[in-house]
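Subject: A structure for you to explore

Hi there,

Here is the structure I promised to pass on to you. Have a look at it first, and then read on for what I found.

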Amino acid sequence: PVLLGCGSAQPGGCPTLCECSEPARTVKCVNRNLTAVPPDLPPYVRSLFITGNPLTDLSAGAFPAQRLPDLASLNLSGNHLRTVEAGALALPALRQLDLSGNALVSFSPQAFGEGGSPLEELALRGALRDHGVLLSLAALLQSGALRNLSRLELADNGLLLLPAGMFTALPALRQLDLSNNSLVSLRNVSFQGLGRLQSLNLSDNSLGVLWNSTLAQFRSLPALRHIVLGRNTWVCDCAIEDLVAWLKESDQVEGKEALTCASPDKMLGKALLKINGSDLNCSVPIDLPSQLQTSYVFLGIVLALIGAIFLLVLYLNRKGIKKWMHNIRDACRDHMEGYHYRYEINADPRLTNLSSNSDV
């Protein structure tokens with residue numbers, strides 16, 4: 001078990017279950033049934049591949065910083081990783097990290113140590129199926145520990161919504177891949193502060209519309225020149241007018257000619273760029289949340305008026321209501337006295353006999 005889990009060192013300084021190239025400064029431990037990170041990795045390694053193994057946990061010190069001072073590229077994709085503990089990835093030279101294809105359930109916000117990380121590229125394709133891990137990642141990104149990050153890949157994770165402010169502490173980010181998820185809205189997503197963002201992939205999601213607030217953010221990003229929006233479920237009603245107008249004037253969207261309506265049925269398959277006002281039959285843009293808010297205010301006013309009228313009617317008829325209540329009270333009292341009298345007769349045998357002979 002020790003040999004399978006960790007490997008043993010060869011005379012050249014390479015773990016038995018790995019392949020090493022000192023000239024290329026590369027170590028590959030691919031499909032070797034490893035259950036732990038080999039403890040005797042050569043200190044010259046710059047690129048390390050540990051993939052396709054039943055590796056489940058990365059504990060603190062899994063990659064000792066003193067022994068691996070030059071490790072810059074770490075590929076841990078396709079394992080069975082579930083837990084990444086605090087300090088597990090605290091490497092001083094780490095620039096590229098790939099955790100794709102792992103079923104993570106716990107990812108410590110301190111995984112890269114306390115002082116931040118020089119990491120520039122992070123791939124998490126298919127590794128964020130657990131909602132708790134997504135929240136942990138958001139906390140990590142918001143902490144500023146990855147301020148040097150230039151490429152972030154979050155594709156294939158089934159994401160419905162993103163935590164608010166998730167990307168606000170990534171000033172160096174250039175490429176953001178959110179493709180092949182289930183995103184239904186970007187209203188709580190802020191792209192402010194991403195002044196270097198060049199590429200944004202939102203294809204293969206469930207976006208029905210992009211609101212004007214999101215479009216305004218896109219316009220404000222000077223370096224953003226590549227936005228991919230293909231294969232989304234665009235709803236071509238009055239709310240899509242802002243998106244259509246932006247598409248017609250913007251040169252940021254790749255393949256915008258292929259964007260088509262998914263609903264309603266009368267608009268199915270129609271190109272967004274060919275939509276005009278007569279197709280939508282809208283006099284003014286519709287903002288559904290504003291309409292709902294107005295409806296709630298109107299309903300509150302109506303209920304308040306009904307309550308005021310009811311109280312006024314009670315006040316004007318207070319004397320009649322008081323007399324009516326007194327009459328009910330007197331009637332109830334007479335009724336109860338009758339019950340009490342009959343109870344006394346039934347309880348006294350002499351009165352019962354007297355009642356029986358009352359005709360004599």
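How many aromatic pairs does the count come to? Please keep in mind that this is a predicted model. The count comes to 2 aromatic pairs. In one of them, Phe191 and Phe218 form a tilted pair, with 5.5 Å from centre to centre and 50° between the planes. Phe191 lies in the loop between strand E11 (175-177) and E12, whereas Phe218 is in helix H3, so this pair ties together parts that are 27 residues apart in sequence. Phe218 also forms a tilted pair with Trp246, at 5.7 Å centre to centre and with 40° between the planes. Because Phe218 lies in helix H3 and Trp246 in helix H4, this pair ties together parts that are 28 residues apart in sequence. Phe191 and Phe218 are both buried, and Trp246 is buried too. Phe191, Phe218 and Trp246 form one aromatic cluster.

Now for helix H3 itself. This helix covers residues 212-220, and its buried residues are Thr214, Leu215, Gln217 and Phe218. Looking down the axis of H3, you would find these buried residues within an arc of 155°, so they line one face of the helix. What do the buried residues of H3 pack against? Their partners are strand E12 (199-201), strand E13 (226-228) and helix H4 (241-249).

E12 and E13 bring us to the sheet. It is an open sheet of 11 strands with mixed pairing, in the order E1-E2-E3-E5-E7-E9-E10-E11-E12-E13-E15. At its edges stand strand E1 (19-21) and strand E15 (253-254); each has a single partner strand, so one side of each is left without a neighbour in the sheet. E12 and E13 are paired in the parallel sense over 3 bridges. For Ser199, the bridge partner in E13 is His226.

The charged end of Lys28 sits over the ring of Phe49, 5.7 Å from its centre. Arg187 lies over the face of Trp211, at 4.5 Å from the ring centre.

Finally, an unreviewed UniProt entry lists residues 296-316 as "transmembrane region". In the model, that span is 100% helix and 0% strand, and its end C-alpha atoms lie 31 Å apart.

Enjoy exploring!

Best wishes

Key
Residues are numbered from 1 along each chain as its sequence is written. This is a predicted model: local features need pLDDT of at least 70, side-chain atom pairs count only at pLDDT 80 or more; totals for chains, interfaces and linings use all residues. Side-chain values use heavy atoms; hydrogens and water are left out. Buried means under 20% relative accessible area, exposed over 50%, partly exposed in between (1.4 Å probe, protein chains only). Helices (H or I, at least four residues) and strands (E, at least two) are DSSP runs, numbered from the N terminus. The arc is that of the directions from the helix axis to the C-beta atoms. Contact means heavy atoms within 4.5 Å. UniProt positions are given in the numbering used here, feature names are shortened, and annotations may be inferred rather than shown by experiment. Two strands pair if DSSP finds at least two bridges between them. Rings of Phe, Tyr and Trp (its six-membered ring) pair if their centres lie within 6.5 Å; planes under 30 degrees apart count as stacked, over 60 as edge-to-face and the rest as tilted. A charge sits over a ring if NZ of Lys or CZ of Arg is within 6 Å of the ring centre and within 35 degrees of the ring normal.
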